[in-house]
Amino acid sequence: MIKFISAYLLLLLALSISPNQILAETQLDIYMVDFHSKSNEARKILKEIEINLKEGSRKNVCKRQREAARLGLLANESLIKAFEIGGTEPPMEAIKSSQKRWESILNDC
């Protein structure tokens, strides 16, 4: 019984001391997560603005539109970096179109 307990404690000690490999996110993953989170947040803000306008409220519309546009532009930058890290050519036509849309939202309010 003592041998069993000591072997068990030795095993626990060995497992707790041995280095654990952590699967860290790659730079590509970080930029893609950043792109998705920022673009989703921007869309969420625009959807909230749309709902508020339908209800007749114009409270902080321009301020929130500018915040959504800033997030959208930052999301585009993250997407471009992700493509560069991945070694593939980004779909620049779609990204430029998105860029123009976000810039018009930012500047036209």
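Helices H3 and H4 (92-107) are part of what covers the buried residues of H2, where buried means under 20% relative accessible area, exposed over 50% and partly exposed in between (1.4 Å probe, protein chains only). Those buried residues are Phe 35, Ser 39, Ala 42, Ile 45, Ile 49 and Asn 52. Keep in mind that you're looking at a predicted model, in which local features need pLDDT of at least 70, side-chain atom pairs count only at pLDDT 80 or more, and totals for chains, interfaces and linings use all residues. Residues are numbered from 1 along each chain as its sequence is written, and side-chain values use heavy atoms, with hydrogens and water left out.

**The whole chain**

- The chain has four helices and zero strands; helices (H or I, at least four residues) and strands (E, at least two) are DSSP runs, numbered from the N terminus.
- Reading from the N terminus, you get the order α-α-α-α.
- The chain has 109 residues, and 21% of them count as buried.
- Take the contacts with a separation of 6 or more: 69% of them are between residues 24 or more positions apart. A contact here means heavy atoms within 4.5 Å.

**How confident is the prediction?**

- The average pLDDT of the chain is 83, and 78% of the residues score at least 70; pLDDT is the predictor's confidence in each residue, from 0 to 100.

**Helix H2 from end to end**

- H2 covers residues 27-54, which makes 28 residues.
- From its first C-alpha to its last, H2 reaches 41 Å, close to the 40 Å expected at 1.5 Å a residue. The expected span is 1.5 Å times one less than the number of residues.
- After H2 comes Gly 56, which has a positive phi, near 95°.

**Ser 78 and its partner Asp 34**

- Ser 78 sits in helix H3 (residues 61-86). Ser 78 counts as buried because its relative accessible area is 5%.
- Leaving out residues up to four places away in sequence, Ser 78 touches Tyr 31, Asp 34 and Phe 35.
- The side chains of Ser 78 and Asp 34 are joined by a polar contact of 2.4 Å. That term means a pair of N or O atoms within 3.5 Å; within protein, one must be able to donate a hydrogen and the other to accept it, and residues adjacent in sequence count only if both atoms are side-chain atoms.
- Ser 78 and Val 33 are 45 residues apart in sequence, yet their C-alpha atoms are 8.9 Å apart in space.
- Asp 34 is partly exposed, with a relative accessible area of 21%.

**Ala 68, another buried spot in H3**

- Ala 68 lies in helix H3. With 0% relative accessibility, Ala 68 counts as buried.
- Ala 68 touches Ala 42, Ile 45, Leu 46 and Trp 102, again not counting residues up to four places away in sequence.
- Along the chain, Ala 68 and Lys 44 are 24 residues apart, while their C-alpha atoms are separated by 8.4 Å.

**Salt bridges**

- How many salt bridges does a search of the whole structure find? There are four, each being a side-chain nitrogen of Lys or Arg within 4 Å of a carboxyl oxygen of Asp or Glu.
- Asp 34 pairs with Lys 38 through a salt bridge of 3.2 Å, N to O. The two are four residues apart in helix H2, so about one helical turn separates them.
- Glu 50 and Lys 54 form another salt bridge, with their closest N and O atoms 3.4 Å apart. They, too, are four residues apart in H2, about one helical turn.
- Lys 54 is exposed at 66% relative accessible area, whereas Glu 50 is partly exposed at 35%.
- In H3, Glu 67 and Arg 70 are three residues apart, so about one helical turn lies between them. Their side chains meet in a salt bridge of 3.6 Å, N to O.
- Glu 67 is partly exposed at 36%, and Arg 70 is partly exposed at 41%.
- Salt bridges that share partners also link Lys 47, Glu 50 and Lys 54 into one network.
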